[in-house]
Every structure is written in C-alpha cells, then in structure tokens.
Amino acid sequence: MPTTEQIHSMLDRYRASASPFAGSSLLAARYRDVPLLSSVWAIGHVGLPFTERGRITVFGLELPLPEDTTFVASLRYGLGALHLRIEQIAPSEADAARSTEALDALLRIFQAIQPKIEAQSDAADAEAMREFAASIQIEQHKDRAVLTANVPLNLLKKMVTPESAIAPDSFAAPKPPVSPAGR
C-alpha cells in the first residue's frame, strides 16, 4: 500500500466486523435490556405499518402496538416453570399507557373465556392453564409496557408435543360396524 492509512483502515474495518454487536444497531442498543440468565431471548422492532391504516392485525384482531415500537422478549428457567417477560418499549409514555390498557383488556377477555377452555381439557391441563392465567401481569414503567407470566412446564410440554404423539387414534372418526348384508 502506498500509505499506512489504508492498512490502518483495513484493520479498523476488520476489528469492527469481529465485534459481536457489529451486525445490528438494534442489538447493540437493546441487549442490555435482556434479563440476566435468560436462556432464550429476542429483540425486535416494528417500524413499518402492516396494513393501510398503519395497524398490526393478527387473525383479524388489531394489536395495540404503535409504529416504531421495540420489543425485548425473554424466557428464563425457574422452579417448575419458565418465566416469560415481554417488554414493549414504546415511543412515548402515552403510547405505553394505551398499550398497557389494551393488553389488560385482552387479558380480562382471556380470563373470562378461561373456564370454557378448562371445561374442555383434563384436570392436569386445566390446573396448568389456571396457574398460567393467574401469573400473567401487565405493568407500565414510564415508556414501557411489561408483560410477565410463568408458563408451567407441563403446559409447555403439552403445547410443543405434536398431536399425533398425544393420541394417534383419538382424532379419527369411528368406523361404522360392518353388516353381514353389506358384503
């Protein structure tokens, strides 16, 4: 190289690319928000509107999320449960308050239909669902809406087990009896 500046520039670029936070400025900015000892975590940002009205919809339900929202989600293993934490970092305290109110309303709807869900499941599943629903908390901390919950391990196992492994013949329609005249 004609000058040492070019070599120094190449070394500086190499050092920057070798940094664990070189790829994403979002990761660099929000990694400190991930709770200590989290086994699984995710950091995301909602920046573009998903519909023409600028709202995010899932299965026709409009989610209470303003544009330009960042999320930090984590799972930590605890005694008999996984501790779930989802933190929404809203653009303002007013947006965080609206999200907290909307999530609280959704939680009340979930708790209202919970007895119907429990009636259709066995006792162990109903107890796990009751524990999960009772542990859900939604709080606001300045510009953040924080949802925390404890997911019982047996509920988690039930959710991740394929239906075919649960009972392969339980979903099949009963076969009609064969009559001797039909042969």
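**Starting with a helix**

Mentor: Let's begin with α4, which has 13 residues and reaches 18 Å from its first C-alpha to its last, close to the 18 Å expected at 1.5 Å a residue. Keep in mind that this is a predicted model.

Trainee: Okay, what happens at the start of α4?

Mentor: A side-chain oxygen of D122 comes to within 3.0 Å of the backbone nitrogen of D125 there.

Trainee: And which residues of α4 are buried?

Mentor: D125, A126, A128, M129, F132, A133 and S135. The cover over them includes α3, β6, β7 and α5 (153-160).

Trainee: Which residues make up the largest nonpolar core?

Mentor: There are ten: L82, L107, A128, M129, F132, I136, I138, A149, V151 and L155. Two or more residues come from each of α4 and β7, and α4 gives the most, with three. As a general point, nonpolar side chains in soluble globular proteins tend to be buried together.

Trainee: What does A128 touch?

Mentor: Leaving out neighbours within four places in sequence, A128 is in contact with P152, N154 and L155.

Trainee: Where is the kink in α3?

Mentor: At I113, shortly before the proline P115, and the kink is about 40°.

Trainee: Which α3 residues are buried, and what covers them?

Mentor: The buried ones are D95, A96, S99, T100, L107, Q114 and E118. Their cover includes β5 (81-89), α4 (123-135), β6 (137-141) and β7 (144-152).

Trainee: I clicked on A145. Is that buried or exposed?

Mentor: A145 counts as buried, because its relative accessibility is 3%, and buried means under 20%. You'll find A145 in strand β7.

Trainee: So what does A145 touch?

Mentor: Not counting residues up to four places away in sequence, A145 touches I86, E87, Q88, A96, S99, T100 and E139. The C-alpha atoms of A145 and L103 are separated by 9.0 Å, with the two residues 42 apart along the chain.

Trainee: Last topic: what's the average pLDDT of the chain?

Mentor: It averages 79, and 74% of the residues score at least 70. Among the elements, β6 has the highest mean pLDDT (95), while helix α6 (residues 163-166) has the lowest (61). Over residues 169-174 the pLDDT is below 50, and that stretch has one contact in the model beyond near neighbours in sequence.

Key. Residues numbered from 1 in each chain as written. Predicted model: local features only at pLDDT ≥ 70, side-chain atom pairs only at ≥ 80, totals over all residues. Heavy atoms only, no water. Bend = angle between axes of the 7 residues up to and from the residue. Helix = DSSP H or I, 4+ residues; strand = E, 2+ residues; numbered from the N terminus. Buried < 20%, exposed > 50% of the residue type's maximum accessible area, 1.4 Å probe, protein only. Contact = heavy atoms within 4.5 Å. pLDDT = per-residue confidence, 0-100. Core = buried A, V, L, I, M, F, W, Y, C linked by side-chain atoms within 4.5 Å. Expected span 1.5 Å × (residues − 1). Polar contact = N/O pair within 3.5 Å; in protein donor to acceptor, adjacent residues only side chain to side chain.
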